[in-house]
Amino acid sequence: RLLLFIGVNMLMKDGRSEEALALAHELEKQKDGLPVHYIDYLHAEILIQKGEYTKAISYYNQFIKNFPSDSFKKDSYYKISLSYWLQGDTRNAILFADKARITGNDKAEPDQHAAIQLLDESFPNKKLLKARYAIDGGYYKEAAAILNSVTPAELSTLKDQTEFYYRKARLAHRTGEIATAKVYYKQSIDMTKNSPWYFGANSALQLGYIAKAQNDIDNARRYFQLAMTYPKHEYKTSIDSKARTELEQLSTAKA
């Protein structure tokens with residue numbers, strides 16, 4: 001069970017959620033040993049990436065019921081809300097968003113992200129949200145179809161417009177279209193400016209990774225430093241930590 005759990009985690013982090021789903025099903029068949037309730041959360045995460053929202057809701061609810069800690073429960077209720085939202089059920093989307101606001105804590109990064117998103121009374125752009133989940137799960141063909149269907153009229157705010165370019169960048173990067181990814185990442189940085197979104201910070205981090213891989217050390221250092229300059233966004237702790245680690249490694253290598 002532990003080996004299967006580790007496998008699910010590793011595959012999901014590598015954007016291979018379909019393979020992770022097979023291991024999650026195998027883990028469910030293994031009844032011996034201590035319960036691994038967190039697998040229900042991961043299972044739900046895969047299903048929401050896959051667009052199977054009703055099944056995702058079921059696994060999030062199972063996780064909320066059985067997991068002994070408060071961690072990830074704010075995020076789980078928020079994801080249930082989004083699952084209803086993506087199915088067009090606005091009433092339940094609002095109901096579970098309200099539950100998310102009063103449940104759990106914001107110690108874990110997913111809960112921090114949920115807490116920040118819940119400050120906004122409006123829901124995310126449906127197509128951009130679907131694209132985000134599909135990209136995270138490695139469902140690249142589905143993500144491309146979604147992004148290609150987006151019209152300018154559907155991007156009514158600067159945030160949505162910025163996120164559109166950011167999602168295009170993430171998809172291009174994940175599928176090896178590096179030159180295209182660089183263009184869209186730079187567009188995301190230009191459009192984020194001083195706004196409290198993570199799109200610019202993570203775009204800078206990713207451009208740093210690309211520059212480092214291309215042995216362009218000066219630009220790598222510049223982009224990692226840029227990633228740390230964004231003052232307020234929900235992923236600041238992790239993005240700053242990753243950028244700082246890269247800068248330390250570059251300094252060590254130079255020495």
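**Nonpolar cores, salt bridges and surface of the predicted model**

The largest nonpolar core of this predicted model has 54 residues, and those with the most contacts inside this core are Tyr-38, Leu-42 and Ile-80. A nonpolar core is here a set of buried Ala, Val, Leu, Ile, Met, Phe, Trp, Tyr and Cys residues joined through side-chain atoms within 4.5 Å. A residue counts as buried under 20% relative accessible area, as exposed over 50%, and as partly exposed in between (1.4 Å probe, protein chains only). Helix H3 (residues 38-50) gives the most to this core, contributing eight residues. Helices (H or I, at least four residues) are DSSP runs, numbered from the N terminus. When residues up to four places away in sequence are not counted, Tyr-38 touches Phe-5, Asn-9, Phe-63, Phe-67 and Phe-72; contact means heavy atoms within 4.5 Å. A second, separate core consists of 25 residues, among them Leu-205, Ala-227, Leu-247 and Leu-250. In soluble globular proteins, nonpolar side chains tend to be buried together.

As to the basis of these values, residues are numbered from 1 along each chain as its sequence is written, and side-chain values use heavy atoms, with hydrogens and water left out. Because the model is predicted, local features need pLDDT of at least 70 and side-chain atom pairs count only at pLDDT 80 or more, whereas totals for chains, interfaces and linings use all residues.

A search of the whole structure finds 15 salt bridges, a salt bridge being a side-chain nitrogen of Lys or Arg within 4 Å of a carboxyl oxygen of Asp or Glu. One of them joins the side chains of Lys-50 and Glu-18 (2.9 Å, N to O). This pair links distant parts of the chain, with Lys-50 in helix H3 and Glu-18 in helix H2 (residues 17-29), 32 residues apart. Lys-50 is partly exposed, at 31% relative accessible area, and Glu-18 is likewise partly exposed, at 39%.

A salt bridge also forms between Lys-212 and Glu-246, whose closest N and O atoms are 2.7 Å apart. Lys-212 belongs to helix H12 (residues 199-213) and Glu-246 to helix H14 (residues 236-254), so the pair ties together parts that are 34 residues apart in sequence. Lys-212 is partly exposed, with a relative accessible area of 29%, while Glu-246 is buried at 11%. Elsewhere, salt bridges that share partners join Asp-14, Arg-16 and Glu-19 into one network.

Asp-136 is partly exposed at 29% relative accessibility, whereas Arg-132 is buried at 16%.

Ile-6 lies in helix H1 (residues 2-13) and is partly exposed, with a relative accessible area of 36%.

Glu-52 is found in the loop between H3 and helix H4 (53-66) and is partly exposed, at 27% relative accessible area. The C-alpha atoms of Glu-52 and Pro-68 are separated by 26 Å, the two residues being 16 residues apart along the chain.

How values were computed:
Helix = DSSP H or I, 4+ residues; strand = E, 2+ residues; numbered from the N terminus.
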